[in-house]
Amino acid sequence: MPPARPFAIPLLLAFLLTLTISLLRLWGEVAGWATNASGGRFLPLGITWLVFVCGAWFGRRLAADGHPPRTRRAWLWSLLALLTMLAVAISGFAPLAKAEPNDATFALLRAAVLRAIAVAGIAGAAMFAVWPALARQLLVYGLLARGTVLAMTWLGKHMGWNTHYTKFGPMGIEREGIGETLFSAGIAQLGFWVPFTIVGGVLAGSLAIGRRTAAN
């Protein structure tokens, strides 16, 4: 099988789109026309939906280059992985939605985050067996995208802006120091959202190519 076509240009375009949306989001929160609530409250001006757009785009290109999924039901395996990740995350975070932001609830939040990260890590790693070429591309994109979020977190904390980037969990806990803030953000972004990018992207890519034959 020939090597996958270089993805430098699509990755660069995806990164530039992600950076643009992130900067608009940060500006909107500082200016007051975008919500700064923890988690973003599903604001459309976010980058989570780009996971599925980029996954479908990358997946179609790879399949056309002769690098389809390794399994015939890639969409099913990736869907099950994604649903499992979301179920674990929601079950851990939902009880904290109305909790007071204090040391006790932060300990519960940390435990929920660690559980979600453990499941996300396994799910993300499994996608390398389902569709190796796409999983690799999404790993690179995920690191670029979530690195952008960490940069926004540092900037927001450094400037003292009231943004969602420096708030954690449903209760919106804020860490005191910039080091603590970046550490907490790094665990969530790299530990959960990068695997989410891989799993969600493989699902979108699998659906985008339809019934195209899996690799032998």
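These are my notebook entries on a predicted model.

**Ground rules.** I number residues from 1 along each chain as its sequence is written, and side-chain values use heavy atoms, with hydrogens and water left out. Since the model is predicted, local features need pLDDT of at least 70 and side-chain atom pairs count only at pLDDT 80 or more, while totals for chains, interfaces and linings use all residues.

**Helix H2.** I began with H2, residues 50-64; helices here are DSSP runs of H or I with at least four residues, numbered from the N terminus. I checked its span, taking 1.5 Å times one less than the number of residues. The 15 residues should span 21 Å, and the end C-alpha atoms are 21 Å apart, so the two agree. Next I looked up what is buried (under 20% relative accessible area, 1.4 Å probe, protein chains only). The buried residues of H2 include Leu-50, Val-51, Cys-54 and Phe-58. They pack against H1, H5 (132-159) and H6 (178-209), where contact means heavy atoms within 4.5 Å. After H2 comes Gly-66, with a positive phi near 90°.

**The core.** I then turned to the largest nonpolar core, which has 50 residues. Such a core is a set of buried Ala, Val, Leu, Ile, Met, Phe, Trp, Tyr and Cys residues joined through side-chain atoms within 4.5 Å. Phe-58 and Phe-192 are among those with the most contacts inside it. H1, H2, H3 (74-93), H4 (103-130), H5 and H6 are the elements that give two or more residues to this core. Which residues does Phe-192 contact, leaving aside neighbours within four places in sequence? I found Met-85, Ala-89, Ala-116, Ile-117, Ala-120 and Ile-187.

**The surface.** Ile-9, Leu-12, Leu-13, Leu-16 and Trp-57 form a nonpolar patch with about 480 Å² of accessible area together. Patch residues have over 30% relative accessible area and no salt bridge, and nonpolar side chains (Val, Leu, Ile, Met, Phe, Trp, Tyr) are joined within 5 Å; areas come from the Shrake-Rupley method with a 1.4 Å probe, counting only the protein chains shown as cover for residues. H1 (residues 8-31) gives the most, with four residues.

**The salt bridge.** I found one salt bridge in the structure (a side-chain nitrogen of Lys or Arg within 4 Å of a carboxyl oxygen of Asp or Glu). Glu-29 pairs with Arg-25, the closest N and O atoms being 2.9 Å apart. Both lie in H1, four residues apart, about one turn of the helix, and both are buried.

Conventions: Patches are made of residues with over 30% relative accessible area and no salt bridge: like charges are joined within 9 Å, nonpolar side chains (Val, Leu, Ile, Met, Phe, Trp, Tyr) within 5 Å.
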